[in-house]
Amino acid sequence: MKWIDKNLHIKPINTHIDPYKPVENAIITHGHADHAKPGHKNVLATSETIEIMKIRYGENCAENFQILPTNQSLKINDVLIKFFPAGHILGSVQVLTEYKGEKINFTGDYKTTSDQTCKDFEPVKCHTLVTEATFGLPVFQHPNENEEIKKLLKSINLFSERPHLVGVYALGKAQRVINLLRQQGYDKEIFIHGSLEKLCEYYQNNNIDLGRITKVNLKKKKDYNGEIILAPPSAIKNIWSRKFEDPIICQASGWMSIKQRAKQSLVELPLIISDHADWNELTKYIKFTDAENVYVTHGREEAIVHWCKMNNINGLALSLSGRDDEEQL
Ligand SMILES: [Zn+2]
């Protein structure tokens, strides 16, 4: 990694990947707030990531935008850049860079399971892999997401006299939960908090079928019993949620596998639905890439680094500042 430093700065072309602070040239892997920041001069990303950044931060959140579609190469000086779908959220990519014959792949956030709300993950071979490790402990083994959604539908049937408030992050998770409900044949109107509206609209404009969704209007008196209402976890914790009578509080997150965490957030119905790879996906992918070196950037670094050593791979933890895993998952 001589030509790339631990801040994910590609030195020969003075370009950073997912920089935390404004820089001259940035490659953005996806639109989540801990990867996409406003204020860069030049941004290279997929068209979806660029649109998502504009929705969240405004049209002028960077001086210049350049689109690079997935599976197309771009050569800047002697560095070749190619994006591969990361399967994390709409527009998310891994960034493969090649310089003087050495290939380094940055996974960004990723998952390898199928998801109708974004392109499926594509595995890539490389010499060096820079991987996330949000759920990089063997205890993290995500269950099948359809089984988790069935728990929500079962609860609606059992407690049809109570509203079901589901905590979801606004970008990615909200749309995925709606889509999973539709896949299970749930065709009723689904209610959303106002902060989810623009991103849901954007997904629908990209031909992702979310069915009938309606913004909650608390000024109008309405009976929400037996309905599904999606809102960011912060709204569920604040005064907004008190307008609903005796709701069942649910939350869709990979962290819901930690019972203590669900309890602390007063979540009655935890749904373990993650947009990140679990331990098995992380280790399986590291093996697939044939990478000699693995750098772990985000999350539970030590266990993956140890696993690499046991498997004769050079593993190293890269500590990046400014990362925040809350609500992103
Ligand atoms: Zn993310």
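I looked up Phe 191 and found its bridge partner in E14, Ile 229. Two elements are involved: strand E12 (residues 190-192) and strand E14 (residues 228-231), joined in parallel by 2 bridges. I take strands (E, at least two residues) and helices (H or I, at least four) as DSSP runs, numbered from the N terminus. Two strands count as paired if DSSP finds at least two bridges between them.

This is a predicted model, in which local features need pLDDT of at least 70 and side-chain atom pairs count only at pLDDT 80 or more, while totals for chains, interfaces and linings use all residues. Residues are numbered from 1 along each chain as its sequence is written.

**Confidence.** I checked pLDDT, the predictor's confidence in each residue, from 0 to 100. The protein has a mean of 93, and 97% of its residues reach 70 or more. Over residues 325-329 pLDDT stays under 50. For this stretch the model has 16 contacts beyond four places in sequence. A contact means that the C-beta atoms of two residues, placed from the backbone, lie within 7 Å. Where pLDDT is low, the predicted coordinates should not be read in detail.

**The parallel sheet.** The open sheet has 6 strands, ordered E13-E12-E14-E11-E15-E16, with parallel pairing. Which strands stand at the edges? They are strand E13 (213-215) and strand E16 (269-271). Each has a single partner strand, so one side of each is left without a neighbour in the sheet. Neighbouring strands here are turned by 25 degrees against each other on average, direction ignored. Axes are lines fitted to C-alpha atoms, for helices over the stretch in contact, and angles run from 0 to 180 degrees between N-to-C directions.

**The mixed sheet.** I then traced an open sheet of 5 strands, ordered E1-E2-E3-E4-E5, with mixed pairing. Strand E1 (9-10) and strand E5 (62-67) are its edge strands, each pairing on one side only. E1 runs antiparallel to strand E2 (residues 15-17), with 2 bridges between them. Ile 10 has Thr 15 of E2 as its bridge partner.

Strand E6 (residues 73-76) pairs with strand E7 (residues 79-85) over 4 bridges in the antiparallel sense. Ile 76 is opposite Val 79 of E7. The hairpin of E6 and E7 has 2 residues between the strands, and Asn 77 takes a positive phi near 50 degrees in it. E7 also pairs antiparallel with strand E8 (residues 93-99), over 6 bridges. There, Leu 80 faces Glu 98 of E8. E8 pairs antiparallel with strand E9 (residues 102-106) over 5 bridges. Tyr 99 stands opposite Glu 102 in E9. The hairpin of E8 and E9 has 2 residues between the strands, and Lys 100 takes a positive phi near 50 degrees.

**H1 against H4.** How do the axes of helix H1 (residues 47-57) and helix H4 (residues 197-205) cross? They come within 10 Å and cross at roughly 155 degrees. H1 and H4 are therefore roughly antiparallel to each other; that class takes angles over 145 degrees, with under 35 roughly parallel, 65 to 115 roughly perpendicular and the rest oblique. I listed Glu 51, Ile 52 and Ile 55 from H1, and Lys 198, Leu 199 and Tyr 202 from H4, as making the contact. These residues divide into 4 nonpolar, no polar and 2 charged. Ala, Val, Leu, Ile, Met, Phe, Trp, Tyr, Cys and Pro count as nonpolar, Asp, Glu, Lys and Arg as charged, and the others, Gly among them, as polar.
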